[in-house]
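Morning, everyone. I have one structure to go through today, and I will keep it short.

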Amino acid sequence: MNLKQRIANVRAGIDAAALAAGRDPASIALLAATKTQNSDVIRAAIAAGISVCGENRVQELTAHLADGAYEGARVHFIGHLQTNKVRYVVGKVELIHSVSSEKLLTAIAAQADKLGIVQDVLLEVNLAGELSKSGFTPEEAPIAAALCARMNGVRLRGLMCIPPAASRPGDNLPHFQKLRQLAVDISQEMVDNRIDMDVLSMGMSGDYPDAVSAGSTCIRVGSALFGPRLPVSSRKD
Ligand SMILES: *Cc1c(COP(=O)(O)O)cnc(C)c1O
């Protein structure tokens, strides 16, 4: 299968899951997770119909921006972000999915203030309490959302999660349902606080149909589009 066929396959899977859940397929974006891919592959993906790219690493983002690799598509940041690198990301991407601490949130808002812009962000929630992953606990997320509402430099657009790798269909459904409910709860608490939460970033190659049925509006897919990556132990992201 070539890239175009793989994109079509994933898109068809999203659409089928959406229809099965009584949802409008057009309400779900397919983001291509482009980590470790080079600029030519990114250009090919965009030529084949990808309209949103998600980068994990600041270094790759910077190199691809300098290359003009994202032309014709929007770019998001989805990876772990260190506070001392926010200046390479804020204002360069449409949406930061991976805001995982108050310290990072504060640094992003400060950089946005400096640039005189408003940065759209999602809060990353660590639903399963995995020590290896960053993110707010479900209890901390509403507090961070309230903090966003008091900051000029950020606009909170929703929530994101990276649950454990699913070994079979249905495994991650409870996590996705929990994130959806958390977003609903936060939105209700925040009604008058100029918060417009309309993004739920959840679902990857191994579990996106469950994410769609639970209400995802943005599926982040890498290997199902680009093939397997090098093992985790041999790279850094
Ligand atoms: C790599 C990555 C993805 C895509 O993972 P696949 O399993 O290859 O689809 C999605 N989200 C984040 C944050 C990632 O780092």
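I will take the ligand site, then the cores, then the cysteines. Please keep in mind that this is a predicted model.

Start with the ligand. The residues surrounding the ligand include Ala 33, Lys 35, Asn 56, Ile 78, Ile 162 and Met 204, along with Ser 205, Arg 220 and Arg 229. By type, the shell splits into five nonpolar, four polar and three charged residues.

An N or O atom in the side chain of Lys 35 sits 2.6 Å from a ligand oxygen. For Ser 205, a polar side-chain atom is 2.4 Å from an oxygen of the ligand. Ser 223 uses a polar backbone atom, 2.7 Å from a ligand oxygen. The ligand on its own exposes 380 Å², and the protein buries 90% of that.

Next, the cores. The largest nonpolar core has 67 residues, and Ile 108, Leu 123 and Leu 159 touch the most other members. Among the contacts of Leu 159 are Leu 122, Val 125, Leu 179, Ile 186 and Met 197. There is also a second, separate core of five residues, with Ala 33, Val 52, Ile 78 and Cys 218 among them.

Last, the cysteines. How many disulfides are found in the whole structure? The search finds zero. Cys 218 is in no disulfide either, with the nearest cysteine sulfur, in Cys 53, 11 Å away. Cys 218 is buried too, with a relative accessible area of 6%.

Definitions and conventions
Residues numbered from 1 in each chain as written. Predicted model: local features only at pLDDT ≥ 70, side-chain atom pairs only at ≥ 80, totals over all residues. Heavy atoms only, no water. Core = buried A, V, L, I, M, F, W, Y, C linked by side-chain atoms within 4.5 Å. Buried < 20%, exposed > 50% of the residue type's maximum accessible area, 1.4 Å probe, protein only. Contact = heavy atoms within 4.5 Å. Near = heavy atom within 4 Å. Polar contact = N/O pair within 3.5 Å; in protein donor to acceptor, adjacent residues only side chain to side chain. Areas by Shrake-Rupley, 256 points an atom, 1.4 Å probe, with all protein chains shown as cover. Nonpolar A, V, L, I, M, F, W, Y, C, P; charged D, E, K, R; others polar. Disulfide = S-S within 2.5 Å. Lists of a residue's contacts leave out its neighbours within four places in sequence.
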